[in-house]
Amino acid sequence: MDLEAITKHSALHAKPNGLILQYGTAGFRTKAVHLDHVMFRMGLLAVLRSKQTQSTIGVMVTASHNPEEDNGVKLVDPLGEMLAPSWEEHATCLANAEEQDVQSVLLDISKKAAVDLQRDAYVVIGRDTRPSSEKLAHSVIDGITVLGGQFHDYGLLTTPQLHYMVYCRNTSGQYGKATIDGYYQKLSAAFAELTKQAPRSGDGFRSLKVDCANGIGALKLGEMERYLSQGLSLQLFNVGTEGRLNHLCGADFVKSYQKPPQGMEMKSNERCCSFDGDADRIVYYYYDADGHFHLIDGDKIAALISSFLKELLLEIGENLNIGVVQTAYANGSSTRFLEEVMKVPVYCTKTGVKHLHHKAQEFDVGVYFEANGHGTVLFSKAAEMKIKQLAKESKDEKRKAAKMLENIIDLFNQAAGDAISDMLVIEAILALKGLTVQQWDALYTDLPNRQLKVKVADRQVISTTDAERQAVTPPGLQEAINNLVKKYKLSRAFVRPSGTEDIVRVYAEADSQESADSLAHEVSLAVFQLAGGVGERPAPCF
Ligand code: 16G
Ligand code: MG
């Protein structure tokens, strides 16, 4: 380590006095103007992680669905996964070190994590379309080079594309070619193969309107279109030429407000979807003939996909187990549908992709989706090999099913939830099954629900257990929630401290919207009283 050079360059990316940041659920995230030092230091950290794992590490500059003036950074581990938890701690330590301590913190991490500093390091970088992202990516590069690491800057990428690149590079190209062309080719070939069998039943199945949140998705779908040829025609909205990133549009807006994005022309019964700002989330929706808006969220996406996969798995008859992973936010109707109608086992984890991803790895076929539209399907290596063998050796229907599964494996981004690949899988399934968006929606009816935020002095006074469905502290809160829930039919409620905002989140569902709203409000009051609410008492929602 050239300690002198590190000190010199670090001073060029000085930490604002007193600023403390946490490596949260999805990396560091805050106003872009506060992030220069974090970027430089994450460049340093990525080099250490690369030396330690002897693999290529990814650094993604994005703040996903946050407003345009925010930014963020996260590291991608060798197989495309989120950074290991022990390294999240190192990241937080390094980001918060005072200027004069940067050297010693680096040495400390190297020692604790047994990093052999003599090894080579290779880091790949991607960034979203925020105005601040390019400069911040250069700060990352500065950090990488000052520690002697090599790098490749992919420039503009969706977050899942960067995960894909990292995975490809660390599996000697077996997973795919680590280029943007390789990504499009892999996905479009699998999509074309999968949809070959689909009945040609009019344009309805071949066209889709996409709200790109004024983000990177617009650019990348634009690039991908020529690979899709006549298989699917996309009409892109909110492509970033006029509106602001994630402003009144995008998956987060549509899911949170349960209304269509601005800037999109929707006719009744047309299939539409929204990406978020870095294209790792997707939700679908439509207007019915009566002008009612219907949201098809991550839960219903999981229901469609797991039903289809279950059919194919029955066809090949190999006893490969399938499991669906959700969070506490999954609508109660979706869980009931999956368990009671589809007869697939459902598991609940804490919020945050890494928790779901980890759980999904326990199955031959692990389907995971958050209600907000993050998700993918993971196939175990053993399942993949079995399916590939059957696709070659078996006959007739069994072979057909195995081939479809093979295409689906290629189509799902195994490294991360990916709005582009999820969209292609969904479009393929709808076409193959001849399902309209309304028929898909009719798989089950969502229970009315409401989410609220409560401001408290210290949100960490709330701790939870049972995948965030039960509050352990403060004393009395869970009892209060239990008593409120008893007052309503088909009801459920839970509270948890947000991992991305300084607030407590409240979720409630019940048999009617009035009940869900009222339960959410009563639970908010309980949080306000028992967990140190600040400011105005929560008012009734509507
Ligand atoms: C982050 C997570 C997302 C989670 C959300 C919860 C990733 C890539 N993203 O955006 O999965 O749903 O945080 O936010 O893990 P909250 O803690 O503020 O509710
Ligand atoms: Mg995102």
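# A walk through a predicted structure

Let's start at one spot: setting aside the residues within four places of it in sequence, Ala-457 is in contact with Gly-532 and Val-534. Keep in mind as you look around that this is a predicted model. Ala-457 sits in the loop that runs between strand 15 (449-454) and strand 16 (463-465). Is Ala-457 buried or exposed? Its relative accessible area is 60%, so Ala-457 is exposed.

Val-33 lies between strand 1 (28-31) and helix 2 (36-53), in the loop. Val-33 counts as exposed because its relative accessibility is 71%.

For a contrast, go to His-163, which is part of helix 6 (residues 159-170). With a relative accessibility of 3%, His-163 counts as buried, because the limit for that is under 20%. Which residues does His-163 touch? If you skip residues up to four places away in sequence, the list is Val-76, Gly-80, Met-82, Ala-415 and Ala-416.

Some of this ground also carries a label from a record. An unreviewed UniProt entry places the feature "domain: Alpha-D-phosphohexomutase alpha/beta/alpha" at residues 52-94 and 118-167. Take the two stretches in turn. Residues 52-94 are 28% helix and 30% strand, with 17 Å between the end C-alpha atoms. Residues 118-167 are 46% helix and 26% strand, and there the end C-alpha atoms lie 24 Å apart.

Next, look for the metal. What holds the magnesium ion (ligand 2)? It is coordinated by an OG atom of Ser-64 and by OD atoms of Asp-276, Asp-278 and Asp-280, at 2.0 to 2.1 Å. Along the chain, the donors of the magnesium ion (ligand 2) are spaced as S-x211-D-x1-D-x1-D. Two of the names in that set, Asp-276 and Asp-280, are both buried.

On to the empty spaces. Rolling a probe the size of a water molecule over the atoms shows where empty space is left. Searching the whole structure turns up four cavities of 30 Å³ or more. The largest cavity has a volume of about 60 Å³. Its lining is made of Lys-255, Asp-297, Asp-299, Tyr-329, Asn-331, Ala-371, Asn-449, Gln-451 and Tyr-507. Sorted by class, that lining has three nonpolar, three polar and three charged residues.

Pockets are the open kind of space, and the second largest pocket has a volume of about 530 Å³. Its lining takes in 25 residues, and Tyr-167, Tyr-175, Lys-381, Glu-384 and Gln-414 are the ones nearest its centre. By class, the lining has 10 nonpolar, eight polar and seven charged residues. Which element gives the most to the lining of this pocket? That is helix 7, with five residues. Helix 7 (180-195), helix 12 (353-360), strand 14 (375-379), helix 13 (381-393) and helix 14 (396-411) each supply at least two residues of the lining. UniProt has a label in this part of the chain too: an unreviewed entry places a "coiled-coil region" at residues 380-407. In the model, residues 380-407 are 89% helix and 0% strand, with their end C-alpha atoms 15 Å apart.

Most residues other than glycine have a negative phi, and most peptide bonds are trans. Ser-172 isn't a glycine, yet its phi is positive, near 45°. You'll find Ser-172 in the loop between helix 6 and helix 7, where its relative accessibility of 69% means it counts as exposed. Asp-466 is another non-glycine residue with a positive phi, about 55°. Asp-466 lies in the loop between strand 16 and strand 17, and because its relative accessibility is 37%, it counts as partly exposed. How about the peptide bond that joins Thr-473 and Pro-474: what is its omega? The omega is about -5°, and the bond is cis. Pro-474 itself is in the loop between strand 17 (470-473) and helix 17 (477-485).

How values were computed. Residues are numbered from 1 along each chain as its sequence is written. Chains are lettered from A and ligands numbered from 1 in the order in which they are written. This is a predicted model: local features need pLDDT of at least 70, side-chain atom pairs count only at pLDDT 80 or more; totals for chains, interfaces and linings use all residues. Side-chain values use heavy atoms; hydrogens and water are left out. Helices (H or I, at least four residues) and strands (E, at least two) are DSSP runs, numbered from the N terminus. Buried means under 20% relative accessible area, exposed over 50%, partly exposed in between (1.4 Å probe, protein chains only). Contact means heavy atoms within 4.5 Å. Donors are N, O and S atoms within 2.8 Å of the metal (3.2 Å for Na, K and Ca); water is not among the atoms, so sites may look incomplete. UniProt positions are given in the numbering used here, feature names are shortened, and annotations may be inferred rather than shown by experiment. On a 1 Å grid over the protein atoms alone, a cavity is a set of points where a 1.4 Å probe fits but cannot get out, and a pocket is an open set with protein on both sides within 12 Å along at least five of seven lines; lining residues have an atom within 4 Å of a point. Grid points are joined across faces, edges and corners, and a volume is the space filled by probe spheres set on the points. Ala, Val, Leu, Ile, Met, Phe, Trp, Tyr, Cys and Pro count as nonpolar, Asp, Glu, Lys and Arg as charged, and the others, Gly among them, as polar.
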